[in-house]
Amino acid sequence: MSRFTDHNFKSQKALIRVDFNVPIKNGVITDDTRMTAALPTIKKVLADGGAVILMSHWGRPLKDIEKKPELTLADFTLKPVAEHLSKLLGLDVQFAADCIGEDAAEKAKNLQAGQVLLLENLRYYKQEEKGDKDFAEKLSKYGDVYVNDAFGTAHRAHASTAVIAQFFPGDKKMFGLLMEGEVAAAEKVMFNNQKPFVAIIGGAKVSDKILIIENLLDRATDIIIGGGMAYTFFKAEGGKIGNSLCENDRLDMALELLKKAEEKGVSIHLPADSITADRFAADATSSSALSNEIPDGWMGLDIGQMATEQFKKIIGEAKTILWNGPMGVFEMEKFQHGTKSIAEAVVAATAHGAYSLVGGGDSVAAVNKFHLADKVSYVSTGGGAMLEYFEGKELPGIAAITKG
Ligand code: AMP
């Protein structure tokens with residue numbers, strides 16, 4: 001593998017896998033975060049005097065068309081992305097109406113230094129998700145150098161994210177700047193963390209987070225558990241949780257996790273109290289209760305005041321922080337306080353020198369909602385990929401570059 005920053009792209013064609021799977025409504029891009037995140041990589045190649053060929057997936061065309069036959073491939077085109085990218089870069093981004101085939105090959109061949117070409121949606125072909133070698137080889141022909149800047153799909157062994165790397169020699173494949181940043185942040189937290197290392201895990205379901213918690217038992221000093229998933233632990237310990245979220249088939253597993261943590265000397269912190277509601281609604285009547293004494297007919301939708309203070313203290317002492325998942329139903333104003341306070345605590349710890357990484361869709365949405373994203377050390381763009389990384393899995397998109 002080669003380092004992107006050290007590579008000079010002069011007179012070379014960089015084939016860059018980006019994640020331009022942005023929300024599009026009626027042909028208009030409603031959130032271009034994923035596109036702006038890839039701009040530094042694109043600009044560096046152009047500044048060096050190279051040309052850029054971009055490839056991305058968008059949505060799930062083949063699966064959606066199977067379910068809704070009124071849809072066609074044209075409903076999944078990347079064309080609006082090419083137009084928006086032209087505006088972002090201030091140059092005319094070319095578009096190939098197919099990701100393989102004559103048009104793409106011709107446009108890639110004729111591309112000059114300083115020019116950018118976007119290929120049509122890779123997922124028009126089932127070979128992409130299947131990781132088809134021939135399909136990957138066809139794509140590989142377009143570029144002299146392969147750059148993977150799509151951390152969001154790094155956990156998939158798809159043709160354009162992993163398989164394609166084998167068609168490039170070691171010094172002609174590399175991470176882009178975005179991916180480099182993601183990998184560096186994840187490695188810092190996972191392998192080079194300073195203690196105390198506090199992991200904050202929240203969200204709806206404990207079943208989604210078991211693997212990450214198990215893996216963190218070997219690394220973290222403290223694990224804070226909040227959100228809906230906490231109630232499965234309280235119920236497992238014999239508590240009363242009313243109508244709170246609970247996975248009854250995971251009670252034994254929750255106890256097992258607590259036992260393992262004790263054996264390993266990791267402190268697991270559950271929220272002592274909760275903000276409760278009489279129903280799951282933004283205008284529900286709210287109250288508070290100890291999390292293991294929630295009355296019948298009520299449900300815990302946020303961590304309570306005692307828990308918030310307790311968690312803030314632990315976060316305040318941390319030197320490394322990983323945060324995945326909200327502390328409550330932060331989408332509803334009445335139940336956002338816990339998540340907001342935890343976000344503020346992470347920001348305060350960061351200001352005092354802690355390294356903080358926020359990863360996973362909903363905690364990222366939460367720091368964005370509270371306008372705190374630029375006050376933590378790193379916000380990951382790859383929800384599923386970051387989760388799998390912290391579960392201890394090898395990500396195919398990373399391995400294809402580092403081990404190839
Ligand atoms: P996840 O995708 O598993 O990280 O879960 C995030 C979702 O969990 C968010 O939409 C939250 O609204 C939801 N959530 C967090 N806490 C609770 C809770 N106590 N009860 C129900 N849902 C919750």
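Select helix H10 (251-264) and look at what lies over its buried residues: the cover includes helix H8 (206-216), helix H9 (230-236) and strand E12 (267-269). Contact here means heavy atoms within 4.5 Å, and buried means under 20% relative accessible area with a 1.4 Å probe, protein chains only. Helices (H or I, at least four residues) and strands (E, at least two) are DSSP runs, numbered from the N terminus.

A word on provenance: this is a predicted model, where local features need pLDDT of at least 70 and side-chain atom pairs count only at pLDDT 80 or more, while totals for chains, interfaces and linings use all residues. Residues are numbered from 1 along each chain as its sequence is written, and side-chain values use heavy atoms, leaving out hydrogens and water.

Now colour the buried set on H10: Leu 251, Met 253, Ala 254, Leu 257, Leu 258 and Ala 261. Residues three or four places apart on an α-helix point the same way, because there are 3.6 residues a turn. Step past the end of H10 to Gly 265, where phi is positive, near 75°.

Next, pick the open sheet: 3 strands in the order E14-E13-E16, with antiparallel pairing (strands pair if DSSP finds at least two bridges between them). Its edges are E14 (286-290) and E16 (299-303), each pairing on one side only. Zoom in on E13 (273-277), which 5 bridges join to E14; Ser 274 has Ala 289 in E14 as its bridge partner.

Last stop: H11 (305-316) packs on this sheet, touching E13, E14 and E16.

Technical notes. Axes fitted to C-alpha atoms, helices over the stretch in contact; angles between N-to-C directions. Buried < 20%, exposed > 50% of the residue type's maximum accessible area, 1.4 Å probe, protein only.
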